[in-house]
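Look over the sequence and the structure below.

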Amino acid sequence: MVNDGATALGAAQPEEAAFAQSVTEGEPILEVRNLVKHFPLTQGVIFKKHVGAVKAVDGVSFDLIKGETLGIVGESGCGKSTLAKVLMNLEPATAGSVRYKGEEISRLTGSALKAVRRNIQMVFQDPYTSLNPRMTVGDIIGEPFEIHPEVAPKGDRRKAVQDLLDVVGLNPEYINRYPHQFSGGQRQRIGIARGLALKPEVIICDEPVSALDVSVQAQVINLLEQLQGEFNLSYMFIAHDLSIVRHISDRVGVMYLGKLVEIGSDLEIYDHATHPYTQALLSAVPVPDPRARESRDRIVLSGDVPSPANPPSGCRFRTRCWKAQEKCAIEEPLLARPPWLTGLAAHDSACHFAAERVIEQGAAEREDGASPADEQENGQS
Ligand SMILES: Nc1ncnc2c1ncn2[C@@H]1O[C@H](COP(=O)(O)OP(=O)(O)O)[C@@H](O)[C@H]1O
Ligand code: SF4
Ligand SMILES: [Mg+2]
């Protein structure tokens with residue numbers, strides 16, 4: 001089905017692109033540093049008094065490498081969508097820096113912001129609410145051309161939209177249909193086609209398959225993977241479940257209460273996680289093999305996620321962490337490579353006692369309570 005999409009999605013002309021400097025494979029295309037987004041809490045109707053803030057994103061740093069897929073995972077409410085919106089400049093950052101190809105973009109306005117928005121696109125979670133029901137699919141996909149006519153001049157738009165429909169595996173003749181005439185998976189394909197219209201370099205996918213049936217999820221993920229190779233895209237792929245991002249991600253970052261708590265390659269995170277929160281999330285991932293399921297050691301987290309308006313002191317995970325000690329309430333653990341870890345365990349983890357979890361066959365409940373010093377002696381595999 002995918003054929004001459006390159007006609008519609010060919011490389012941007014240098015004169016069209018405000019950010020023309022090239023970034024080669026393996027270099028960061030986005031550099032995020034200490035990004036903060038606080039939503040003020042106010043009281044009073046006429047005289048609004050500032051009484052606090054929801055710390056939705058609270059000092060997040062990472063790079064998105066050109067050509068990679070970075071999975072971002074965490075429970076609902078931990079700040080994933082806010083992070084995406086701040087990166088897209090749909091919400092102004094409270095503090096911190098976002099660089100796109102080396103240029104600071106977090107405080108841009110006007111035409112400079114418009115140019116960035118062309119290069120960084122978003123695919124939203126819910127294909128049922130994110131598409132305007134009163135617009136035809138052709139108008140939905142072609143709408144970005146109104147803002148960026150240089151990408152597809154008026155006379156070429158119908159052809160450009162039909163090419164995009166073809167690229168995402170939909171019949172180009174559906175151009176005059178309305179969103180309600182499509183299934184959930186097809187609607188998400190329309191959302192992806194719209195995201196591709198302006199030939200972006202980065203696509204931020206905010207839970208793009210969470211609202212879809214399991215059987216359709218894999219098809220949409222496969223489409224995203226195929227498009228990535230075809231159009232040299234870099235993805236940030238947000239999910240609340242580690243199992244969904246496993247197959248698509250080159251690296252994975254785990255978020256808890258507005259902070260990244262662990263980040264590493266897929267192998268480092270899935271097979272050598274060292275942060276207790278990641279380990280708890282991994283223990284909840286569905287395992288299809290019943291024997292493997294029995295021998296698995298599930299961690300059931302106690303308590304609710306604390307309010308982001310009043311996060312715990314020190315380590316934000318301490319109120320639910322089975323390894324918490326006095327130090328965890330006093331000192332905030334920074335996201336860095338713990339020096340006592342080696343091998344694939346040696347990746348960034350924000351825990352004073354970061355260590356791989358040891359699961360004994362058939363053990364009811366066992367976690368690795370080894371101290372950093374013990375780990376140093378034992379080594380890691
Ligand atoms: N516009 C807003 N005003 C106030 N609080 C908000 C706003 N948007 C999100 N939040 C709060 O920020 C926190 C993070 O939300 P969100 O980024 O949507 O999380 P996630 O996408 O991980 O589920 C939540 O506590 C949410 O209630
Ligand atoms: S720093 Fe302490 S509370 Fe936080 S994850 Fe590590 S052991 Fe648990
Ligand atoms: Mg969200």
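This is a predicted model: local features need pLDDT of at least 70, side-chain atom pairs count only at pLDDT 80 or more; totals for chains, interfaces and linings use all residues.

Setting aside neighbours within four places in sequence, Val202 is in contact with Ile29, Leu30, Leu64, Asn119, Ile120 and Ser234. Val202 belongs to strand S7, which covers residues 202–206. Is Val202 buried or exposed? Val202 has 21 other C-beta atoms within 10 Å. The cut-off for buried is 20 or more, so Val202 counts as buried. Met236 is 34 residues away from Val202 in sequence. In space, their C-alpha atoms are 7.8 Å apart.

Met236 leads on to the core. The largest nonpolar core has 88 residues. Those with the most contacts inside this core are Val73, Leu164, Ala193, Ile204, Cys205, Met236 and Val254. Domain 1 (5–249) and domain 2 (270–378) both give residues to this core, so the core lies between them. In soluble globular proteins, nonpolar side chains tend to be buried together.

Now take Val254. Leaving aside neighbours within four places in sequence, Val254 is in contact with residues including Val73 and Gly74. Its other contacts include Leu260, Val261, Glu262, His275, Tyr277, Thr278 and Leu281.

Gly74 takes us to the ligand. Which residues are around ligand 1? They are Phe39, Val54, Ala56, Gly74, Ser76, Gly77, Cys78, Gly79, Lys80, Ser81, Thr82 and Pro308. Strand S2 (49–65) and helix H2 (80–87) each supply at least two residues of this shell. H2 gives the largest share, 3 residues. By class, the shell has 5 nonpolar, 6 polar and 1 charged residues.

How values were computed:
Residues are numbered from 1 along each chain as its sequence is written. Chains are lettered from A and ligands numbered from 1 in the order in which they are written. A residue is near a molecule or strand if its C-beta atom, placed from the backbone, lies within 6 Å of it. Helices (H or I, at least four residues) and strands (E, at least two) are DSSP runs, numbered from the N terminus. Ala, Val, Leu, Ile, Met, Phe, Trp, Tyr, Cys and Pro count as nonpolar, Asp, Glu, Lys and Arg as charged, and the others, Gly among them, as polar. A residue is buried if 20 or more other C-beta atoms lie within 10 Å of its own, exposed if 12 or fewer, and partly exposed in between; C-beta atoms are placed from the backbone. Two residues are in contact if their C-beta atoms, placed from the backbone, lie within 7 Å. A nonpolar core is a set of buried Ala, Val, Leu, Ile, Met, Phe, Trp, Tyr and Cys residues joined through C-beta atoms within 7 Å. Domain bounds come from an automatic or database domain assignment.
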